[in-house]
Each structure stands twice: as structure tokens, then as C-alpha cells.
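Here is a walk through a two-chain model, written for someone who would rather look than calculate. Keep the viewer open as you read.

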Number of protein chains: 2
Amino acid sequence: MFSFNLKKTDGRARLGQITTAHGIIDTPVFMPVGTAGTIKAMTADSVRTTGAQIILGNTYHLMLRPGADRVHHLGGLHEMVDWPGPILTDSGGFQVMSLKGLRSMTEHGVTFKSHIDGSLHELTPESSMEIQKKLDATITMAFDECTPYPAKKEQAAISMALSMRWATRSKDAFIERPGYGLFGIVQGSIYEDLRQESVESLLPLDTEGLAIGGLAVGEGQELMFSTLDFTTPMLPIQKPRYLMGVGKPDDLVGAVARGVDMFDCVLPTRSGRTGQAWTWRGQVNLRNARHKDDTRPLDESCSCPACRNHSRAYIHHLVRSDEMLGAMLLTWHNIQFFQDLMKGMRDAISTESFNKFQAGFEATYRGGDIQAL
Amino acid sequence: MFSFNLKKTDGRARLGQITTAHGIIDTPVFMPVGTAGTIKAMTADSVRTTGAQIILGNTYHLMLRPGADRVHHLGGLHEMVDWPGPILTDSGGFQVMSLKGLRSMTEHGVTFKSHIDGSLHELTPESSMEIQKKLDATITMAFDECTPYPAKKEQAAISMALSMRWATRSKDAFIERPGYGLFGIVQGSIYEDLRQESVESLLPLDTEGLAIGGLAVGEGQELMFSTLDFTTPMLPIQKPRYLMGVGKPDDLVGAVARGVDMFDCVLPTRSGRTGQAWTWRGQVNLRNARHKDDTRPLDESCSCPACRNHSRAYIHHLVRSDEMLGAMLLTWHNIQFFQDLMKGMRDAISTESFNKFQAGFEATYRGGDIQAL
């Protein structure tokens, strides 16, 4: 059990604070993804300097390597990765479902082959809860099936119903601890009545928070937003809401405007390793030759070392030379930008100026690689 | 011109201080190598925390990418890489000589093809000086041929004589600036009379320091030490001595004992990217399965983040998972260890206890991958 304090609302945007066994999380929050027990190309110290309060770990990757028992022996994920703050782990469901041809699913759970050594493993609601406990997750996610997109309504209903039965088994298997929590996951694809049915199945479980799953899987921003438009009003006001796997900066702003409190995405880290930077103006491709003589910092308003200490030309050089420092600096910048963006939204909600913030953001931010930065 | 203050000697080991336009260098010193304008897998900030006072850049790599004119336009190497302290650049000679089949050498210089795009380039004593000036090198190295090993005496004599003519041309082309300096390079392979002849050719040039080239090229530690045994006594006492491309920790201790002041080597950075750590006990292979459940830090006495914040088991996990953080942490540790080793030697010389330090080092340090750490 942990507490969520909804401090303020501004339109549908919400300012809140979650108090956990491992510290406080100010919402709306973006959680950097540390798949295999590391935010790729960052030290834990450098992640902390960006203002990040919670990170994410992937159950699938960690159960295979180094293994849940080993993480437990090493003192849990917090101790192992030097992150005493809150950690959320996913259930492993999303990853094993994507192992097409390497997994078989029954009512009981999913059997799958490891992508590392081909060894056979099983994930069920019960084993997922057990593994996430060994990892010492502050926030444990219910085991579910992320309904693929597109899904016909009948498929989506069958998939959602399975996830709801698995949610109940997850809740039964989850061991309550003070300051720890379980999140149920709302499914139902883009269908309003299925989302409603899913929420109604989850409410009796009284989990510490509710996630919205099955979005950001190819449906596009418009359908994602329209699904949020009818889904967030179904959710209890006094619990945090987590939109899984989202997203681009404009996704985050639009989802906060629709009442979402928590996000995670590999975008800032993954794109940092391919020469991409995220800024208030949009996405910038540092591989592009136009940066080669540019002595300006990437973003004058940013406090990260990439912007504070270096020119765009230098980062361009590092990216072109495949130097690890290029990935390190751009990842750092991207994580910093995502944290700054969330802080900007929190500050705006606290002063009841979220509409103004959103209008300002949309006036400067452009999708795609921007050429005019 | 810059000053070298020989503060103390202890046997043949020397404690000194070089004062340059970009700051002070305490010797004996180890210079981390930043080949293409970055100490691989490290930010400049993190290199500074290890106590490093001077870093090295490679003329060959930098002239090809991003290009000397571009580095100059970006404010020089110090500004570009965020390293206001001293920087030494090599002459490019060593790298172009190793481009077998892609280069042709005449009395004038070396013509070669870029390994990046096959474009044709030329390096001569004059162009090497010009490029190093554009890079804004605090210490410029004379253009020379690193005599391959093994070399018959006649070959070694011909090669050395060419390097001496190139040294004179380097000196003539080098533009003196306060706080900047040029180093001549002694060649002559393992032949005492050739080394003597080389030193005598270089002395009239009155360069700010003298390097010992053509070692650590396959001759082994015994021959390297015996060559140092007769070469360092030939060198003027009042100039710093730089043993190029060296080396392993036991090479460094043995060379300081033989009167060497400066070193550079890719070993700590390169081996950090292949799972190797250097410690007071010897080299440790973190890929080895024996580390997988080991909760101890790599080295309890080390102040780097790898040792301060993490277990051997975690670093093993990162290395096995090919996570960038594994390379980042081990590189950081290795650079820290090499700096700590040099500081240990400087402290020992200052208290006239270098013999005791060396005996203590040799009593605990083992070559090869040690199993008993």
C-alpha cells in the first residue's frame, strides 16, 4: 500500500504525489526505462542529476539475465543498480507476447524460449508477482496480455477478459507490503464499452494505481488521444494513472491534458543512441551534416553536459565517428529534456496555467526531424 | 616554451612539474588517450574526477575527422572536447606508418589513404606541425618514423637518421608560443649506439622535452627495460622524458624506476571496453562467471563509481549483457586506477620511498588475468 495525494487539477490535468517505501514521486512523471538493470549509456548518478525520481525495469530481461534469484541475492534491483529511489517493473507480459513463434499461451500463462540461450521459461500471473517481488519492485504491474493493434472487437474482448482474469490472479498472488503497490492494467483496445468493462473488472481489486495498456502500439496519436478521452474519466480520481510505453513529447503533453499521471518510454534513451536529440522545437538529427560547423549548444536552456559543455558540431563529430560519448551525451540530454518537460507541466498545473503551457509548447514544437533549429 | 621543474629524485625515479599555457602537469604522469577527441566511454567531467591533468589526441584521426581546420574553427581541441587543461597530440606518424599498403613514404613525408573514405592525404614534418598548431596542442610531437620491431641494425640506423632529419624540419616548422612546447623523439630501436646518436642529433634542437619512441612495439618488457637502462641516462636531466605508448601497470612502475616522467597508452580505455579491469593485484576479467554472485566491490580502495556504487556481480552482468554502462564503469575504473598508481609513485618519490613502493607493488601485482582477487 502507498498513498497518492492529488494536490491540484487544472482542467483534466492533474498534479499529484505518490509516497512509496523508496521515496516520493511527483506526478505527472516520466520514468526512464532501464531494461536490463541500466538506463542504457547512463550512470545512476547521471540519471539522478536530471531530476528523475523513478525508473523502470523489465521483468522479462531481468528474469533471464542476471535472474530474479540473483538480483534478490544482490540485495534487489535498487541495491544492484544503485537506485535507492522508486522502481517500477513491468510484468514481462508485453515482451513475451512479442516473442512470436517462441511462445505458447494458455489460460494458465505463457511458455517461452529465452532469446539469449533458447532455454524454456514460464510466466504466469503468480510467477510474475513472485519475480517482481524478488526484484523488489516498488510498483508491481499485473500480468496481462497487451492486445495487439488492430484488433477486431471480438478479439479485443477475448483478450481483455483474459487480462482481467489474470489481474485477479495477480492481485491474489501479490504480497502487500507498506510503501509497495500493485497496478492493474485497463485493456479493451479502442473500444469504449470494452475499456468500461475492463475498468469495472479492476475496481474491486483496489490496486494502488491503474495503467492504461494496449496503446502506443501502432494506432497513431489521434486514436490514442480519442481512447484516452473516454478512458481516463472512467478511472477513480484518487489513484495514479499510468499510460504504458508513451511516448513522444507531444504525446506526453496531450496525455497529461487528458488526465494521465505516469509515463514510460524507451524513446529518449533509444534515440540518443542513434544520434537523435529531443528539444522544445522538436526532434533533431545530429548525424545531419548541417551541424558540422555549428558552435552553438544543442539547446541553450538545457542544463545537461551535452548542452552546457559542447557544441552541436562536436556532438555531430562523435555521432559520425560512432563514439560512445555521442550516445552518452545525447541520452543524457534526452532524459534531461523529458524530465524538464514533465517539470514544466507540473509547474504549469500548480499555477493553473496548463492551457497556456500546452499552447506555448504546441506553438514551438514540430513533429519529425526539424531542420531549422 | 614551458618550464619543467625537477623537484626531487629518488634513485633514478624523478618527481617534477611542467607548467604550461593550459595548466600544471605533475610528473610522473599517465595521459589517457582521446584518439578522436574523446576518451572513449568517458565524459570530460568524469576524466577530471580521476585526477588526470593531461590527455592525448591523435593527429591522424583528428585531421581526417572532424578535420584540423574544423577543430580550429571550433576553438581548438581544448574548447571542442571541454578539456581546458594540457593536451598532447602525437604527430600522426605512428598511425600512418601502420597503414600498410595504403601509404607511401619518401624523404619528403608520407602520402596515405584515409581509412574512413579512401581520400588521399599527406603528412610531412611541416604539415604535422601546422595541423598540431590548428588543434592547439599544448605539447606537439615531432614527426618521425616509429622503427618497427624487430629491425636489423642497418634498417634501424636508416630509419633513425630519417627521423632525425624530420625532427630538424619539425623544429624549424614549429611556431614557438609561451606555455607551448615541442618534443623530439629518440629512435634507434634496441641499439645503444643508435640511441646515443639519436639523442646527440636532438640535443641541439633544444626541444621542451624528449620522447623515447620505438618501444612497446613487440620487444617485450625485458628488452624495453634494458633499452631504457641505457637510454634515459643519455637524456638531459632538466627536460621531461616521455615513453610513448606505454603501458601495463608493471611497465609504468619499472619505467619510472628507470627515470621516465610521462606515459600514454590505450590500455585502460581499450581493455575497459572488453570487460577487463586493472587493480593493484593485477588484471581482472569481469566476463568470468566466477563474478556472477560476488557482492564485493571490484576494489575496496578505489574511489571510482564502479567500485563505490556497484558489486562485481553487477558489472559482470553489464559486461555479459553488452551494456554500454559496463564499458563506461570499467573505463572509469581503469583510468582512476592508472591515476592512483601514478599518484602513489609521485607520493613515494616525494618521501624518498620509491624503492619500498616498487617492492610493495611487485609483491602484490601479478601479470595475466588473476583468478584469486
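**How the two chains meet**

Keep in mind that this is a predicted model. Let's begin with how the copies are placed. Turn chain B by 180°, shift it 0.0 Å along the axis, and it lies on chain A with an RMSD of 0.0 Å. That is the relation of a two-fold axis. If you want to find that axis from chain B, go to M324(B): its C-alpha is the nearest one in the chain, 4.0 Å from the axis. Both copies use the same surface, since 100% of the contact residues of chain B recur in chain A.

The contact itself draws 33 residues from chain A and 33 residues from chain B. On the chain B side, the elements giving two or more residues are α1 (44-49), α3 (68-73), α12 (305-309), α13 (312-320) and α14 (324-350). Of these, α13(B) supplies the largest share, five residues. Sorted by class, that side of chain B has 14 nonpolar, ten polar and nine charged residues.

**Strands side by side in chain B**

| Strand pair | Bridges | Residues opposite each other |
|---|---|---|
| β12(B) and β13(B) | three bridges | A211(B) and Y242(B) |
| β13(B) and β14(B) | two bridges | L243(B) and F263(B) |
| β4(B) and β14(B) | four bridges | V29(B) and M262(B) |

From β11(B) the path goes through α8(B) to β12(B), a right-handed β-α-β crossover. The step from β12(B) through α9(B) to β13(B) is a right-handed β-α-β crossover too. Then β13(B), helix α10 (residues 249-257) and β14(B) make a right-handed β-α-β unit.

Are the faces of β12(B) covered or open? Both are covered: G209(B) and A211(B) on one side are buried, as are L210(B) and I212(B) on the other. Strand β14(B) (residues 262-265) is likewise covered on both faces, with M262(B) and D264(B) buried on one side and F263(B) and C265(B) buried on the other. Note that D264(B), a residue of β14(B), is among the buried ones.

Which residues of helix α9 (residues 221-231) of chain B are buried? They are M224(B), T227(B), L228(B) and T231(B). These residues cover an arc of only 100° around the axis, which puts them on the same side of α9(B). Their cover includes β11 (181-186), α8 (192-202), β12 (209-212) and α10 of chain B.

Helix α13 (residues 312-320) of chain A has nine of its nine residues buried. Those residues are R312(A), A313(A), Y314(A), I315(A), H316(A), H317(A), L318(A), V319(A) and R320(A). What covers them includes α12 (305-309) and α14 (324-350) of chain A, together with α4 (76-81) of chain B. Following α13(A) comes D322(A), whose phi is positive, near 55°.

**Two loop residues**

In chain B, G220(B) lies in the loop between β12 and α9.

In chain A, I54(A) is found in the loop between α1 (44-49) and β5 (55-57). Why does I54(A) count as buried? I54(A) has 25 C-beta neighbours inside 10 Å, and 20 or more is enough, so I54(A) counts as buried. Leaving out residues up to four places away in sequence, I54(A) touches I25(A), V29(A), M31(A), G85(A), P86(A), I87(A) and L88(A). G23(A) is 31 residues from I54(A) in sequence, yet their C-alpha atoms are 9.0 Å apart in space.

Key
Residues are numbered from 1 along each chain as its sequence is written. Chains are lettered from A and ligands numbered from 1 in the order in which they are written. This is a predicted model: local features need pLDDT of at least 70, side-chain atom pairs count only at pLDDT 80 or more; totals for chains, interfaces and linings use all residues. Two residues are in contact if their C-beta atoms, placed from the backbone, lie within 7 Å. Ala, Val, Leu, Ile, Met, Phe, Trp, Tyr, Cys and Pro count as nonpolar, Asp, Glu, Lys and Arg as charged, and the others, Gly among them, as polar. A residue is buried if 20 or more other C-beta atoms lie within 10 Å of its own, exposed if 12 or fewer, and partly exposed in between; C-beta atoms are placed from the backbone. Two strands pair if DSSP finds at least two bridges between them. A crossover is right-handed if, with the strands pointing away from the viewer, the path from the first strand over the helix to the second runs clockwise. Copies are superposed by least squares on the C-alpha atoms of residues with pLDDT of at least 70 in both. The arc is that of the directions from the helix axis to the C-beta atoms.
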